[in-house]
Amino acid sequence: MEKILVIGAAGQLGSELTRSLSEMYGGEQVIATDLNEAARSKFDYCRFEVLDIMNQDAAKDLIKRENVKQIYHLAAVLSATGEKNPLFAWDLNMNSLLFVLEMAKEFKLDKVYWPSSIAVFGPNTPKVNTPQYCVKEPNTVYGISKQAGERWCEYYFQKFNVDVRSLRYPGLIGYKSLPGGGTTDYAVDIYHKAIAGEKFSCFLREDSYLPMMYMPDAIKATLDLMHAPSESVKIRSSYNLSAISFAPKDIYQSILKHYPSFEIEYKPDFRQAIADSWPDSIDDTCAQKDWGWKPDYDLDKMTKDILENLPNFSF
Ligand code: NAD
Ligand code: AKB
């Protein structure tokens with residue numbers, strides 16, 4: 001049977017995407033992989049294997065042995081964590097992608113998915129309604145690795161016909177996993193603090209606008225892109241993708257409607273400079289035109305859904 005391999009499946013995106021893939025294709029067809037055994041308990045609905053993607057012999061063996069035909073490569077070091085150890089972040093983010101693209105070429109895989117990020121943009125990029133094509137001078141190691149990764153994806157598509165597809169996600173907000181070291185992750189943590197009845201200390205300024213998206217929209221976009229006919233996928237670097245744009249003061253107001261005594265304080269740290277280098281909002285006209293992208297959630301609809309479901313969710 002042909003298999004779908006998810007690398008970095010236990011993270012924020014992977015936990016939800018792997019479940020959707022298993023519902024769609026059947027759990028026996030999906031192999032979730034992540035760094036350590038502790039992740040196994042998340043995957044009682046599909047296969048799970050421990051895999052460090054930097055162990056290329058083990059990864060190649062798994063791809064061959066299991067007749068893997070599609071790879072979702074999600075493992076990466078995110079923006080804030082990346083700045084703490086830039087060379088490690090570059091090594092993981094870059095070399096794991098190059099390895100996956102090589103595997104796709106060698107084994108003639110059907111499709112590869114690899115996420116890019118709004119982190120490819122930088123301080124000289126137009127900030128409002130950032131277009132698909134514009135100046136990109138990222139100043140984080142994470143952003144540099146995503147920008148280079150986009151070029152490699154397009155290169156493997158053009159030179160070797162590898163069917164690789166990608167989205168430049170905004171900050172993703174889900175309640176089913178804990179934050180993973182990103183600059184936008186304050187917007188995940190804030191809901192946990194509201195429900196716990198604790199004051200939230202925000203590491204960004206109250207007026208720091210960033211593009212964001214609720215996880216169900218991100219999953220929908222990913223699966224829509226992966227199921228689009230090849231000829232509709234006209235961009236093989238990575239698509240701009242947009243849903244909501246808000247600042248900490250807006251998400252705070254949205255939560256106050258449900259938790260009127262919730263308190264917030266603002267203590268910007270090194271992540272403020274990263275946020276300042278990223279767009280406020282994104283123009284995703286190409287995704288709308290090429291494969292019909294349209295988000296379902298605005299800020300208040302997302303807040304309501306999270307606050308209703310998070311208290312009953314067990315990690
Ligand atoms: P995350 O940090 O929550 O999850 C990453 C997962 O990869 C973790 O489970 C980790 O254990 C695993 N991993 C790390 N090193 C590994 C290795 N060597 N081998 C195998 N697994 C390894 O990140 P996420 O938020 O789920 O992001 C997933 C992808 O989406 C990343 O490529 C990220 O750049 C991209 N992305 C995420 C966001 C967001 O807001 N979360 C936005 C834009 C792009
Ligand atoms: C991060 O903040 O690093 C991620 C991203 C936007 O890529 N959430």
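Helix H1 crosses H7 in a right-handed way, a crossing being right-handed if the near helix is turned clockwise from the far one by less than a right angle, and left-handed if anticlockwise. This is a predicted model, in which local features need pLDDT of at least 70, side-chain atom pairs count only at pLDDT 80 or more, and totals for chains, interfaces and linings use all residues. Residues are numbered from 1 along each chain as its sequence is written, while chains are lettered from A and ligands numbered from 1 in the order in which they are written.

The axes of H1 (residues 12-25) and H7 (residues 215-227) come within 10 Å and cross at roughly 55°. Axes here are lines fitted to C-alpha atoms over the stretch in contact, with angles from 0 to 180 degrees between N-to-C directions; helices are DSSP runs (H or I, at least four residues) numbered from the N terminus. Leu13, Glu16, Leu17 and Ser20 of H1 meet Met215, Ala218, Ile219, Thr222 and Leu223 of H7, contact meaning C-beta atoms, placed from the backbone, within 7 Å.

For H6 (residues 186-196) and H8 (residues 248-256), the axes come within 11 Å and cross at roughly 30°. H6 is therefore roughly parallel to H8 (angles under 35 degrees). Their crossing is right-handed.

Turning to the ligand, the residues around ligand 2 include Leu78, Tyr142 and Thr184, with C-beta atoms, placed from the backbone, within 6 Å of it. Domain 1 (3-171 + 214-240) and domain 2 (175-212 + 244-309) both give residues to this shell, so ligand 2 lies between them; the domain bounds come from an automatic or database assignment.

Methods:
Helices (H or I, at least four residues) and strands (E, at least two) are DSSP runs, numbered from the N terminus. Angles under 35 degrees count as roughly parallel, over 145 as roughly antiparallel, 65 to 115 as roughly perpendicular and the rest as oblique. Two residues are in contact if their C-beta atoms, placed from the backbone, lie within 7 Å.
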